[in-house]
Structures are given as C-alpha cells and as structure tokens.
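Subject: Handover of a structure

Dear colleague,

Please find the structure below, together with its sequence.

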Amino acid sequence: MRRRKEKQQAKSQATQYQMRQKMVSIGNDFWIENEQGQRVFKVDGKAIRVRDTLIFEDTHGNVLCKIKEKMLRVKDSMEIEGPNGDQLAMVKKALISPLRDRWTVKIGDGPDLDVQGNILDHEYSIEEGRRNKVAEISKKWFRIRDTYGVEVAPGQNDVVILAVTTAIDTMAHEGR
C-alpha cells in the first residue's frame with residue numbers, strides 16, 4: 001500500500017507536456033505546451049547545408065539545445081548538443097528489435113537510457129536501467145487528434161527528455 005502511494009505521489013509531481021505529432025519535422029516550427037496549455041518551448045526546424053537540425057528554444061528565443069541528424073552512420077542516430085556545442089545525448093535506433101521498437105540514448109554525463117514500446121503510436125517509455133522510468137509518452141492523455149503527451153519524472157532534465165522524444169519522433173516518422 002505504501003509503495004502505491006509513493007508511486008501516485010511521484011506521478012503527481014511529474015511534469016506533463018503536450019506535443020503535436022505531425023509538427024515534428026525538419027523545416028517546420030512548433031511549440032511544446034505545458035499541462036496548462038502554455039507555450040514553454042519552441043522547436044525551430046531548419047535544413048542547414050547537408051545535415052538537418054532542430055533548434056530547441058525557450059519562450060524568449062534562447063537556444064537550449066540543438067538536435068542534429070548524424071550522417072554516414074550504420075544506425076539511424078541524432079545528436080543533441082547544448083547551446084555551447086557540448087554533446088548532451090546521442091539517440092540511436094537499435095539495429096534489431098524483434099517485437100517492439102527499441103532505442104538507446106547515450107547521455108553525455110549520465111547513465112544511458114533505454115526507450116521501448118510502440119514508437120509509431122506514441123505509446124512508449126524512457127527508462128534508466130530496468131525499473132527507473134524517467135518519462136512516459138502517450139496519446140491516451142489527450143483527445144485532440146495528432147497530439148501526444150510526454151510525462152517527465154521529477155529530477156530529470158526536461159529539455160533533454162523532450163529533445164530525445166523529438167529526435168525519436170523525427171527518425172521514426174521520416175518523410176513527414
């Protein structure tokens with residue numbers, strides 16, 4: 001019983017964001033909203049030279065990170081850089097994923113993350129290790145068409161988690 005209460009309390013402290021699924025693509029700009037419907041982050045889709053880049057900004061236009069497509073790789077991958085060019089994370093699709101979509105996220109100064117679930121339907125989780133869920137992604141929370149939610153656990157870097165989600169969405173839905 002105590003464990004259930006602790007889970008419910010942690011869930012109530014989690015931060016939820018709303019994303020529009022068809023907006024995540026190179027060349028498009030879109031806003032990420034908080035649970036009150038306020039715009040909190042802007043993703044600016046740019047096609048720069050050979051590589052595609054998404055620029056993550058706050059509401060004042062300050063660059064928080066950049067998501068860059070990595071070219072000439074065996075696996076699909078995107079790099080997330082901080083505003084100073086330091087690598088925050090590398091998102092890679094697993095070569096072999098038998099039953100579910102699987103992705104790995106190499107965090108620059110922290111533990112790696114595992115992403116698994118139904119990526120195409122926006123029903124998946126991001127975990128550190130086997131039991132420590134750091135984020136959950138789901139369409140079930142919203143009745144609005146083409147919208148999904150990202151729930152980030154307390155103590156996580158929301159910008160990195162949202163950038164990881166954006167990178168996965170971009171790679172999984174190429175051609176949009």
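Which side chain meets that of K68 in a salt bridge? The partner is E81, with 3.2 Å from N to O; a salt bridge here is a side-chain nitrogen of Lys or Arg within 4 Å of a carboxyl oxygen of Asp or Glu. The pair links distant parts of the chain, since K68 belongs to strand 5 (residues 63-69) and E81 to strand 6 (residues 77-81), 13 residues apart. Both K68 and E81 are buried, where buried means under 20% relative accessible area, exposed over 50%, and partly exposed in between (1.4 Å probe, protein chains only).

Before going further, please note that this is a predicted model, in which local features need pLDDT of at least 70 and side-chain atom pairs count only at pLDDT 80 or more, while totals for chains, interfaces and linings use all residues. Residues are numbered from 1 along each chain as its sequence is written, and side-chain values use heavy atoms, with hydrogens and water left out.

Salt bridges

A search of the whole structure finds three salt bridges. Besides the pair already described, K106 meets D112 at 3.2 Å, N to O, and K133 meets E136 at 3.6 Å, N to O. K106 is partly exposed, with a relative accessible area of 40%, and D112 is partly exposed at 37%. K133 is likewise partly exposed, at 40%, and E136 is partly exposed at 24%.

Overall organisation

The secondary structure of the chain comes to two helices and twelve strands. Helices (H or I, at least four residues) and strands (E, at least two) are DSSP runs, numbered from the N terminus. In order from the N terminus, the elements run α-β-β-β-β-β-β-β-β-β-β-β-β-α. The chain has 176 residues, of which buried residues make up 43%. Among contacts (heavy atoms within 4.5 Å) between residues at least 6 apart in sequence, 31% join residues at least 24 apart.

The nonpolar core

In soluble globular proteins, nonpolar side chains tend to be buried together. A nonpolar core is defined as a set of buried Ala, Val, Leu, Ile, Met, Phe, Trp, Tyr and Cys residues joined through side-chain atoms within 4.5 Å. The largest such core here has 37 residues, and I32, F56, V91 and I126 touch the most other members. Its largest share, nine residues, comes from helix 2 (residues 158-172).

A loop residue

Where does G37 lie? G37 is found in the loop between strand 2 (29-34) and strand 3 (39-48). With 39% relative accessibility, G37 counts as partly exposed. G37 and Y17 are 20 residues apart in sequence, and their C-alpha atoms are 8.5 Å apart in space.

The second largest pocket

On a 1 Å grid over the protein atoms alone, a pocket is an open set of points where a 1.4 Å probe fits, with protein on both sides within 12 Å along at least five of seven lines; lining residues have an atom within 4 Å of a point. The second largest pocket has a volume of about 290 Å³, the volume being the space filled by probe spheres set on the points. Of its 17 lining residues, L88, I107, D109, N157 and V160 are the closest to its centre. Strand 7 (87-93) and helix 2 are the elements that give two or more residues to this lining, and helix 2 gives the most, with three.

Yours sincerely
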